[in-house]
Amino acid sequence: MLKVKNLTFEVNEEGKKRCLVNHISFDVQDGEMLVITGPNGGGKSTLAKVLAGIEKANSGEIYLDDENITGYDIDHRANAGIGYAFQQPPRFKGMTVARMEKESCDLLSAVGLCSEDYLNRQLDGTLSGGEMKRIEIATVLAKSHKVSIFDEPEAGIDLWSFSMLIKRFEAIHREKKEGLILISHQE
(Lines give C-alpha, C1' and ligand atoms only; values in the text may rest on other atoms or scores of the structure.)
Protein backbone atom coordinates (compact mmCIF):
# COMPACT_ATOMS: atom_id res chain seq x y z
CA MET A 1 0.00 0.00 0.00
CA LEU A 2 1.16 3.52 -0.84
CA LYS A 3 0.35 6.25 1.66
CA VAL A 4 1.04 9.92 0.87
CA LYS A 5 0.75 12.47 3.68
CA ASN A 6 0.72 16.25 3.16
CA LEU A 7 3.11 16.13 0.20
CA THR A 8 4.31 19.54 -0.99
CA PHE A 9 6.66 20.41 -3.83
CA GLU A 10 7.75 23.97 -4.58
CA VAL A 11 10.07 25.50 -7.13
CA ASN A 12 11.88 28.81 -7.06
CA GLU A 13 11.16 30.84 -10.21
CA GLU A 14 12.92 34.19 -10.50
CA GLY A 15 13.23 34.49 -6.74
CA LYS A 16 9.60 33.59 -6.05
CA LYS A 17 8.34 30.31 -4.63
CA ARG A 18 5.74 28.55 -6.70
CA CYS A 19 3.86 25.59 -5.21
CA LEU A 20 3.24 22.83 -7.77
CA VAL A 21 1.97 20.19 -5.32
CA ASN A 22 0.23 21.58 -2.26
CA HIS A 23 -0.31 19.32 0.79
CA ILE A 24 -1.58 16.29 -1.16
CA SER A 25 -2.68 13.25 0.85
CA PHE A 26 -4.05 9.93 -0.43
CA ASP A 27 -3.70 6.15 -0.17
CA VAL A 28 -3.46 3.54 -2.90
CA GLN A 29 -4.37 0.12 -1.56
CA ASP A 30 -2.88 -3.09 -2.96
CA GLY A 31 -4.73 -3.84 -6.18
CA GLU A 32 -6.33 -0.38 -6.34
CA MET A 33 -6.21 1.80 -9.46
CA LEU A 34 -6.12 5.55 -8.87
CA VAL A 35 -6.56 7.87 -11.86
CA ILE A 36 -5.43 11.47 -11.43
CA THR A 37 -6.82 13.87 -14.02
CA GLY A 38 -6.63 17.60 -14.47
CA PRO A 39 -5.53 20.43 -16.74
CA ASN A 40 -2.02 21.07 -18.08
CA GLY A 41 0.12 22.71 -15.44
CA GLY A 42 -1.99 21.30 -12.60
CA GLY A 43 0.92 19.37 -11.01
CA LYS A 44 -0.01 15.82 -12.08
CA SER A 45 3.34 14.92 -13.66
CA THR A 46 5.21 16.70 -10.88
CA LEU A 47 3.37 14.59 -8.32
CA ALA A 48 4.29 11.43 -10.29
CA LYS A 49 7.97 12.47 -10.36
CA VAL A 50 7.96 13.16 -6.62
CA LEU A 51 6.39 9.75 -5.92
CA ALA A 52 8.99 8.01 -8.14
CA GLY A 53 11.88 9.88 -6.49
CA ILE A 54 12.90 11.93 -9.51
CA GLU A 55 12.04 15.13 -7.63
CA LYS A 56 12.37 15.64 -3.87
CA ALA A 57 9.38 16.89 -1.89
CA ASN A 58 9.77 20.04 0.20
CA SER A 59 7.59 18.51 2.91
CA GLY A 60 5.32 15.58 3.61
CA GLU A 61 5.86 11.84 3.80
CA ILE A 62 5.56 8.83 1.50
CA TYR A 63 5.10 5.31 2.86
CA LEU A 64 5.22 2.05 0.93
CA ASP A 65 3.88 -0.88 2.99
CA ASP A 66 4.41 1.13 6.20
CA GLU A 67 8.07 1.86 5.31
CA ASN A 68 8.90 5.56 5.12
CA ILE A 69 10.50 6.03 1.69
CA THR A 70 10.40 9.84 1.70
CA GLY A 71 14.19 10.14 1.73
CA TYR A 72 14.77 7.46 -0.90
CA ASP A 73 16.09 8.40 -4.35
CA ILE A 74 14.69 6.93 -7.56
CA ASP A 75 16.91 3.82 -7.41
CA HIS A 76 15.94 2.98 -3.84
CA ARG A 77 12.25 3.58 -4.57
CA ALA A 78 12.46 1.30 -7.62
CA ASN A 79 14.10 -1.39 -5.48
CA ALA A 80 11.41 -0.90 -2.83
CA GLY A 81 8.72 -1.58 -5.46
CA ILE A 82 7.77 1.63 -7.30
CA GLY A 83 7.62 1.40 -11.09
CA TYR A 84 7.44 4.51 -13.24
CA ALA A 85 6.68 5.12 -16.92
CA PHE A 86 7.69 8.59 -18.11
CA GLN A 87 5.34 10.93 -19.93
CA GLN A 88 8.05 11.29 -22.58
CA PRO A 89 10.18 8.14 -22.51
CA PRO A 90 13.94 8.52 -22.85
CA ARG A 91 15.59 7.25 -26.02
CA PHE A 92 18.74 5.13 -26.03
CA LYS A 93 20.82 4.72 -29.17
CA GLY A 94 22.20 1.21 -29.41
CA MET A 95 19.73 -0.37 -26.95
CA THR A 96 17.14 -2.80 -28.33
CA VAL A 97 14.05 -4.44 -26.87
CA ALA A 98 15.17 -8.07 -27.27
CA ARG A 99 16.61 -9.50 -24.12
CA MET A 100 14.23 -12.29 -23.23
CA GLU A 101 12.48 -12.84 -26.54
CA LYS A 102 9.38 -14.77 -25.38
CA GLU A 103 8.60 -12.34 -22.57
CA SER A 104 9.34 -9.35 -24.81
CA CYS A 105 6.96 -10.67 -27.48
CA ASP A 106 4.14 -11.14 -24.97
CA LEU A 107 4.64 -7.69 -23.45
CA LEU A 108 4.87 -5.89 -26.79
CA SER A 109 1.72 -7.63 -27.99
CA ALA A 110 -0.04 -6.61 -24.77
CA VAL A 111 0.62 -2.92 -25.54
CA GLY A 112 -0.43 -3.16 -29.19
CA LEU A 113 2.87 -3.63 -31.02
CA CYS A 114 3.78 -6.44 -33.39
CA SER A 115 6.71 -7.88 -31.50
CA GLU A 116 8.64 -9.13 -34.55
CA ASP A 117 8.89 -5.55 -35.81
CA TYR A 118 10.38 -4.20 -32.58
CA LEU A 119 12.64 -6.79 -30.96
CA ASN A 120 15.77 -5.61 -32.76
CA ARG A 121 14.87 -1.95 -33.27
CA GLN A 122 16.95 0.61 -31.43
CA LEU A 123 15.18 2.75 -28.83
CA ASP A 124 16.20 5.96 -30.53
CA GLY A 125 14.80 8.69 -32.76
CA THR A 126 13.70 6.20 -35.42
CA LEU A 127 10.66 5.27 -33.28
CA SER A 128 7.59 7.49 -33.06
CA GLY A 129 6.44 8.94 -29.75
CA GLY A 130 3.60 6.41 -29.58
CA GLU A 131 5.94 3.49 -30.24
CA MET A 132 8.33 4.69 -27.54
CA LYS A 133 5.43 5.16 -25.13
CA ARG A 134 4.22 1.59 -25.65
CA ILE A 135 7.71 0.17 -25.21
CA GLU A 136 8.13 2.25 -22.04
CA ILE A 137 4.86 0.87 -20.66
CA ALA A 138 5.94 -2.69 -21.57
CA THR A 139 9.21 -2.21 -19.64
CA VAL A 140 7.27 -1.26 -16.51
CA LEU A 141 4.92 -4.22 -17.02
CA ALA A 142 7.93 -6.55 -17.33
CA LYS A 143 8.67 -6.34 -13.61
CA SER A 144 6.40 -6.81 -10.63
CA HIS A 145 5.95 -3.71 -8.52
CA LYS A 146 4.01 -2.82 -5.42
CA VAL A 147 2.86 0.39 -7.14
CA SER A 148 3.24 1.33 -10.82
CA ILE A 149 2.90 4.95 -11.96
CA PHE A 150 2.04 5.64 -15.59
CA ASP A 151 2.39 9.32 -16.54
CA GLU A 152 -0.06 10.02 -19.38
CA PRO A 153 -0.01 6.53 -20.90
CA GLU A 154 -2.34 7.72 -23.67
CA ALA A 155 0.15 10.30 -25.02
CA GLY A 156 0.88 9.61 -28.69
CA ILE A 157 -1.28 6.50 -28.76
CA ASP A 158 -4.39 6.07 -30.91
CA LEU A 159 -7.73 5.44 -29.16
CA TRP A 160 -7.91 1.76 -30.15
CA SER A 161 -4.48 1.05 -28.66
CA PHE A 162 -5.31 3.11 -25.59
CA SER A 163 -8.44 1.02 -24.98
CA MET A 164 -6.20 -2.08 -25.18
CA LEU A 165 -3.90 -0.52 -22.59
CA ILE A 166 -6.82 0.19 -20.27
CA LYS A 167 -7.75 -3.50 -20.49
CA ARG A 168 -4.13 -4.39 -19.69
CA PHE A 169 -4.14 -2.06 -16.67
CA GLU A 170 -7.40 -3.64 -15.49
CA ALA A 171 -5.84 -7.11 -15.85
CA ILE A 172 -2.86 -6.04 -13.73
CA HIS A 173 -5.32 -4.71 -11.21
CA ARG A 174 -7.13 -8.08 -11.06
CA GLU A 175 -4.21 -10.51 -11.44
CA LYS A 176 -1.21 -8.99 -9.73
CA LYS A 177 -2.90 -6.98 -6.99
CA GLU A 178 -0.45 -4.15 -7.66
CA GLY A 179 -1.41 -0.57 -6.97
CA LEU A 180 -1.67 1.54 -10.13
CA ILE A 181 -1.55 5.29 -10.49
CA LEU A 182 -2.54 6.64 -13.91
CA ILE A 183 -1.89 10.29 -14.66
CA SER A 184 -4.16 11.32 -17.51
CA HIS A 185 -6.04 14.06 -19.32
CA GLN A 186 -8.71 11.46 -20.14
CA GLU A 187 -11.52 11.09 -17.65
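1. Let's begin with helix H5, which covers residues 129-141 and has 13 residues. From first C-alpha to last, H5 reaches 18 Å, close to the 18 Å expected at 1.5 Å a residue (the expected span being 1.5 Å times one less than the number of residues). Helices (H or I, at least four residues) and strands (E, at least two) are DSSP runs, numbered from the N terminus.

2. A word on the ground rules: this is a predicted model, in which local features need pLDDT of at least 70 and side-chain atom pairs count only at pLDDT 80 or more, while totals for chains, interfaces and linings use all residues. Residues are numbered from 1 along each chain as its sequence is written, and side-chain values use heavy atoms, with hydrogens and water left out.

3. How much of H5 is covered? Mostly: eleven of the 13 residues in H5 are buried (buried means under 20% relative accessible area, exposed over 50%, partly exposed in between, with a 1.4 Å probe and protein chains only).

4. Arg134 deserves a click of its own. This residue of helix H5 is buried, with a relative accessible area of 10%. Setting aside neighbours within four places in sequence, Arg134 is in contact (heavy atoms within 4.5 Å) with Val111, Gly112, Leu113, Ile157, Asp158 and Ser161.

5. Next, the salt bridges (a side-chain nitrogen of Lys or Arg within 4 Å of a carboxyl oxygen of Asp or Glu). The whole structure has four of them.

6. Glu10 and Lys17 form another salt bridge, with their closest N and O atoms 3.9 Å apart. Glu10 is partly exposed at 28% relative accessible area, whereas Lys17 is exposed at 68%.

7. Which parts of the chain does the Lys146 and Asp65 pair link? Their closest N and O atoms are 3.3 Å apart in a salt bridge. Lys146 is in the loop between H5 and strand E9 (147-151), and Asp65 is in the loop between strand E4 (59-64) and strand E5 (67-68), 81 residues apart. Lys146 is partly exposed, at 36% relative accessible area, and Asp65 is also partly exposed, at 36%.
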